[in-house]
Structure formats: structure tokens, C-alpha cells
Amino acid sequence: MSNMGKGGEGTSSQEAPLHGMERVKYLLLSGLFAFVGVIPFRLLYLLSDLMAFLLDDVIRYRRKVVEGNLRSCLPELPDDDLKWTRKRFYRFLGDYFLETAKMGSMSDAEIQRRMRFENIDVISERLRSGENVSLLLGHYCNWEWVSSLPLHFPPEAACGQIYHRLHSAAADRLFLKVRGHFGATSIAMADTLRVLLGWKREGKASVVGYIADQAPKVHSAAHWMDFLHHDTAVFTGPERISQKLRCSVFYLDMEQVKRGYYVGRFVELTRDASQEAPMKVTEAYFRMLEQTIEARPPFWLWSHKRWKRSRADYARK
């Protein structure tokens, strides 16, 4: 997962030395990202259109997974609309990759023009009053650009984003670098509570982002609910951490205004997670994410094998 941050710890993998092929991979990827960084956005989207055609019609990258997810999650969608949604998804996937590669070369002014946030003042007010904020979002629109949030918050605020380490050490280091371009601190999932409690001991109010729509790896971390017409195991960690720290919890509703421009709207789920019934916050988040996806389906990560494990599979772990 990737999110936002400023002033913290939890990025030790960024400093780990790279050797052999991982070092070569890092140099090649860095060169690719630098090349993308100098391409004007207008040309960037022509390249993205070519990528979409190759991914969808030539390579057929996870085509069966994408079509299967669309059919099962949006059963009312006519075939023509499903095809249109699939093609728009692959175009979004190309946009996402190239926009993310370009992020490391974008100025503060440009990212603020292209990634806007509505009613963000309510978050700043909570931080100034010393409250901690949890921000829940999904793999929807360009979630990487949300890492520009620290540009909008008071400098004394501690901002963080929870992420999963990538299998490739080279890719992991590069993505951490890009995600930190606007002051972000990426916190490995295993370090979340330690880092947040450290900020609390230092008297820092914090805002921490969780991309929470992935499948849990272990049954003990899961809660089951209906999501997009599937019996779905969902993460409970963000809610449990928010309860421990008495966080306000917000959902970030993302929308693509036009190509290369996004807006995020903050929707409060609770002022104090510790006062809510178990799983109320988690279920509210997934209900809102479901509404977002159903309203504008091309911009979710349909290529992810979200439902590859059943309750029985989790029980055997």
C-alpha cells in the first residue's frame, strides 16, 4: 500500500544496500522514471493509449481476471458497457503507471493543481487541535498522488502512509523514493503501531493513510462482509489501530475530473473510533468504497485477484 507522510520513520528498506541484479534493476527503473519525467503530459497520454492497447489487446494482461471481476462485481452491466469499462480500465492502468513515474519530477505547484482536495480544512483543524486522523482509501484513481497531502498540512503535523514492501528490492526503493517526493513517510505495515505510538509520545498529532481494500493474508486479520456481490475478507487493522489511538476516521472519495486531474473529498466516518461498535468503521468504509466503484467503475484496480481465497481457504491456514 502507498499513502502519505511527513516527518517520521519506517523507511529503512529505502536505505538497504542493493547488490547484483537488484542494483541493475534499480538503475534501469530510475532511468525509465527520469525519462518519463521529462515527457509533457500531452505526449504522456499518447504513450498511455499505446500501453493500454498493448496490455488489453496484444499482451492481454490479466484479461480473464479483469473480465471475471467486472462480470461478478457488476452483474447488471450489459456486455457493451462491460467492454467499454474494461478498455477504460486499461487506459487508466497506463495512466496510473506513467503518472506515478512522472510524480518524482513534478513540482509542488503542479501536483497541487492536478491533485486537489476538497474540505481539507477539517483535517487541518483536527491536527491543530492535537487529534489523530486515520484516512481510508482504496486502489482507486491515482492513489499514489495522494502522497502530496503533506503539502496541505501544518508543518508540525506527523503524516504517514502504510505500505506493503514490494518483492523486488529495486522497485521497493524506487517507489519509496517517488512516494516521498512531497515529504511522505512510508511506514511498513509491521511497524505501524510502533511508529504511531512514537509520534504520540512526542506529542505530534498525526494523519495516517491506509489503502485497505486488499485481501488479508491471514484469517486472524480478517472480517467477513458482502462487498461488490462477493463474500469478502477485509482488513481490520486500520480500525483497530484507530481505536487504540482514538482517531477521527475519514474516507477519501476519489474522482477523476479529467485525464490527469483528480479530486479527493473527505467524508467523516467517526470523530472517535474508540466509541464505535466493532467493525462499524470498517463496514462503513467498504460501503462507501463500493458506492464509489459502482458509480465510476473504470478507475478501480480490477486486475487484482481480490477473491482468490474463500472462507474455507482461510480456515486451512
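1. Let's start with a charged pair: R71 forms a salt bridge with D79, with the closest N and O atoms 3.2 Å apart (a salt bridge being a side-chain nitrogen of Lys or Arg within 4 Å of a carboxyl oxygen of Asp or Glu). R71 is partly exposed at 47% relative accessibility, while D79 counts as exposed at 52%. Here buried means under 20% relative accessible area, exposed over 50%, and partly exposed in between (1.4 Å probe, protein chains only).

2. A word on the model: it is predicted, so local features need pLDDT of at least 70 and side-chain atom pairs count only at pLDDT 80 or more, whereas totals for chains, interfaces and linings use all residues. Residues are numbered from 1 along each chain as its sequence is written, and side-chain values use heavy atoms, leaving out hydrogens and water.

3. Next, look at D253 and R296, whose side chains meet in a salt bridge (3.4 Å, N to O). D253 sits in strand β8 (residues 248–258) and R296 in the loop between α10 and α11, so the pair ties together parts 43 residues apart in sequence. Helices (H or I, at least four residues) and strands (E, at least two) are DSSP runs, numbered from the N terminus. D253 is buried at 17%; R296 is partly exposed at 22%.

4. Strand β5 (residues 206–211) is worth a look too: six of its six residues are buried, so it is largely enclosed by the rest of the structure. S206, V208 and Y210 cover one side, and V207, G209 and I211 the other.
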